[in-house]
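This report covers helix packing, strand pairing and disulfides. Please keep the sequence and the structure open while reading.

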Amino acid sequence: MNCPTITPSKQPLNFWQQTGLNLISRLHGGRDLIFAIDLTDSVGLNAEGRLRLRQIIEDSLQRGDTVYVVPFATNVLPNQPAIKYTGKETEIKKILETIPLKANLNYRNADIQLAELNIYKKLAQLNQCSLHQKEPLHRQAVVWVTDAPLFTEPGITRDIWIETPWDSPFRNANSQRSQERKAWLETLPLQKRAKTIFNDKNEPYELTVVDIPPTLQEFCTPVPGGQETCLVTPYLIQQLWLPTSLLGLGIVGISILLKTWLSWQQKWKLKVDFYPNSLDEEKTLILGNNRRIYLGEDEPNTIQMPDSETRGYLERKGNRLFLVPLKDASPIFLRGQEINQRIQLAGEKIILNVLDQRRRNQEVEVSIQVKK
C-alpha cells in the first residue's frame, strides 16, 4: 500500500463527517470482506459450516465487493490475492475454492488476539489508503470461523483461551501489541453477530460476522496562523462536491417542475365586462388547463358576444393563454389590430374589441381580467 501507516485516532468523527462517509460508501458501493478462517483441528468445517459459508458467499456478495481470505493459527498466514466480485459465477467459484474448508493438522494454538489485531488494522488501513489516494472508502466486514473467543480483554489467560502460544505478547495486558489491539477495538465501530455451529466431534465453534460501518481515522494538527489542518473534512468535500451539486440541481429542478405542475392544476378565474355595457351584468368564468372558453356561444361557461355570433375561443395550455379566431367569422381586434391567427395573450388584463352587427357594427370593448 502506497500510503502512510495509520494508528487509532482519539478524535471521534462528528455527526456530519459520519453522514458524509456513509453517503460516499452508498454512492460508490462495494465492500471490503475478510473471511478469517481458523485452521486448527478444533474447528474443522463440517457440512453445516461449509453450507453457511456458501450461503454468505452466494447470497450476500454484491457487485463491487472485494474479498480477502485470511487463514490463521499461531500466526496470521499470508492471505490469498484479493478477489473483486463483479457478478460472475466464476468469481463465486474462485472464492469458494480459496477458502480452506478443512482443518490443517500442521497448525495448532490459534493466537486469536493476534488475528484480531492484524485483520482490523488491515481494514482500517484500506480505508485510510482510500483517503490518501482520494478514492471512495467502503463498508467493511469480517467473517470469523473459529472456536476462539472474540473481543476478549487484554492479557488473555489460559482460563479464557488455552491455545494462545506461551510466548505470545498478548498474554501480557500491558504489552505494546495488547494495547494496540485494545485501541483498535475501541476505535472501530464494530458490530457483532454470531451463530454457534457444532463440528463432527460435536464441539462448538462460531461463525461470527463483524460489520464495520464506513469510518476513517481523523487527525487534526495545528498549523501556523492560528489554524489547524485535518484529514477527513477535506476528503469529504473532494468526494461529495459533485454529487451534492447534482443533488441540489435535481432538487431545484424537481421543485420547479412540481410548482409548475401545481400551477397547471389551479383553475383560472376570468372576470369579463363589456363597454358599452350591452349585457346585463359582469360575468366570472372558470378556465382549467387544456380547456376552452368560446367567444359567442350561448353556454354557461362562455363569453357571450353582443350579437351572439361565435368569433373564436380562448384556450389555456399550462400557464399560457391563447386567442384563436374562427375562419369566416366577424373580426376580433387586439390593440387596434385584427387577429387572423392563433396568438398568445400576455398580462392579467386583456382588452378585445368586436363589432356588434345588430347595432350597425358598433364597436364593443370586451375586458377580460385573468386571475391565476
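Two strands pair if DSSP finds at least two bridges between them. By that rule strands β9 (residues 268–275) and β10 pair, with 5 bridges joining them in the antiparallel sense. The model is predicted.

## The six-strand sheet

β9 and β10 belong to an open sheet of 6 strands. Its order is β10-β9-β18-β17-β14-β15, and the pairing is antiparallel. Which strands stand at the edges? They are β10 (283–287) and β15 (337–338). Each has a single partner strand, so one side of each is left without a neighbour in the sheet.

Trp268 has Leu287 of β10 as its bridge partner.

## The four-strand sheet

Another open sheet has 4 strands, in the order β11-β12-β13-β16. Here too the pairing is antiparallel. The edges are taken by β11 (292–295) and β16 (343–345). Each of these has a single partner strand, so one side of each lacks a neighbour in the sheet. On average, neighbouring strands of this sheet are turned by 30° against each other, direction ignored.

## Strand β6 and its partners

Strand β6 (residues 204–212) pairs with strand β4 (residues 139–146) over 7 bridges. The two strands are antiparallel.

Within it, Lys192 stands opposite Val210 of β6. What do β5 and β6 form together? They form a hairpin, with 5 residues between the strands. In the turn, Asn202 has a positive phi of about 60°.

## Helix α1 against helix α6

Helix α1 (residues 15–28) packs against helix α6 (residues 232–265). Their axes come within 10 Å and cross at roughly 45°. An angle between 35 and 65 degrees counts as oblique, so α1 is oblique to α6. The crossing is left-handed.

Which residues make the contact? From α1 come Trp16, Gln17, Gly20, Leu21, Leu23, Ile24, Leu27 and His28. From α6 come Val232, Thr233, Tyr235, Leu236, Gln239, Leu240 and Pro243. By class, the contact has 10 nonpolar and 5 polar residues, and no charged ones.

## Helix α2 against helix α3

The axes of helix α2 (residues 47–60) and helix α3 (residues 89–98) come within 10 Å. They cross at roughly 155°. Angles over 145 degrees count as roughly antiparallel, so α2 is roughly antiparallel to α3. This crossing is right-handed.

α2 brings Arg54, Ile57 and Glu58 to the contact, and α3 brings Ile92, Ile95 and Leu96. The residues divide into 4 nonpolar and 2 charged, with no polar ones.

## Helix α4 against helix α5

α4 and helix α5 (residues 176–187) pack at an angle of about 50°. Their axes are 9 Å apart. The two helices are therefore oblique to each other. α4 passes α5 in a left-handed crossing.

On the α4 side, the contact residues are Gln113, Leu114, Glu116, Leu117, Asn118, Tyr120, Lys121 and Ala124. On the α5 side, they are Arg177, Glu180, Arg181, Trp184 and Leu185. This contact divides into 6 nonpolar, 2 polar and 5 charged residues.

## Disulfides

How many disulfides does a search of the whole structure find? The count is 2. One of them joins Cys3 and Cys129, with the sulfur atoms 1.8 Å apart. Cys3 lies in the segment before α1, and Cys129 lies in helix α4 (residues 112–132). The pair therefore ties together parts that are 126 residues apart in sequence. A disulfide is a covalent bond between the sulfur atoms of two cysteines.

Conventions:
Residues numbered from 1 in each chain as written. Predicted model: local features only at pLDDT ≥ 70, side-chain atom pairs only at ≥ 80, totals over all residues. Heavy atoms only, no water. Axes fitted to C-alpha atoms, helices over the stretch in contact; angles between N-to-C directions. Parallel < 35°, antiparallel > 145°, perpendicular 65-115°, else oblique. Left-handed = near helix turned anticlockwise from the far one by under 90°. Contact = heavy atoms within 4.5 Å. Nonpolar A, V, L, I, M, F, W, Y, C, P; charged D, E, K, R; others polar. Disulfide = S-S within 2.5 Å.
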